[in-house]
Amino acid sequence: MINWSIDGKNRIPGKNVYIAVGILGIMMVKKVVMLTPFYSPIKGGITTFVRNLSHFLENKKISVSVITRKGERQNNVEVLKSGKYRSIIKLVPFLTRKKIDVLHSHSHWYFMVPCIWYKLLHPKTILVHTFHTQLLDPP
């Protein structure tokens, strides 16, 4: 579990850094990597959520990188044009070259696989997964 400090109450006095509070304790967050199936210019809820969270964290002076399967390469956005299973194969070596404080995967299960692999190699990294779905109207 991770809590982003939105109101600044968890902020370290005198520092412009935010902390993550998880089951393993407290750490200063410097680098966040988000894995998402879709990113801009593709429109939708996942894209909007990831973009807004990325901007929020960047405004708090936290470095954010986004890795996506479908989208357009931009500043801090890497596009791995591939299918689900090939994404897993591509992401494992790609992630192992990075030092990551928080690894946040979005939506689909196949993005969790390389995250778990990374966590095994880097136990201090915090994993977060946000399951995005559409709620069906009750009958």
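**Strand E6 and its surroundings**

In the predicted model, strand E6 (residues 102-106) pairs with strand E7 (residues 126-130) in the parallel sense through five bridges. Pairing requires that DSSP find at least two bridges between two strands; helices (H or I, at least four residues) and strands (E, at least two) are DSSP runs numbered from the N terminus. Within this pairing, Val102 has Ile126 as its bridge partner in E7, and Leu103 stands opposite Leu127. Strand E3 (residues 31-38) also runs parallel to E6 and is joined to E6 by four bridges, with Ser105 of E6 as the bridge partner of Leu35.

Residues are numbered from 1 along each chain as its sequence is written, and side-chain values use heavy atoms, with hydrogens and water left out. Local features need pLDDT of at least 70 and side-chain atom pairs count only at pLDDT 80 or more, whereas totals for chains, interfaces and linings use all residues.

E6 is mostly covered, five of its five residues being buried (under 20% relative accessible area, with exposed over 50% and partly exposed in between; 1.4 Å probe, protein chains only). In a regular strand, side chains alternate between the two faces of the sheet. Val102, His104 and His106 point one way from E6, and Leu103 and Ser105 point the other way.

Together with helix H3 (residues 112-121), E6 and E7 make a right-handed β-α-β unit; with the strands pointing away from the viewer, the path from the first strand over the helix to the second runs clockwise. Leu121 lies in helix H3 and counts as partly exposed because its relative accessibility is 47%.
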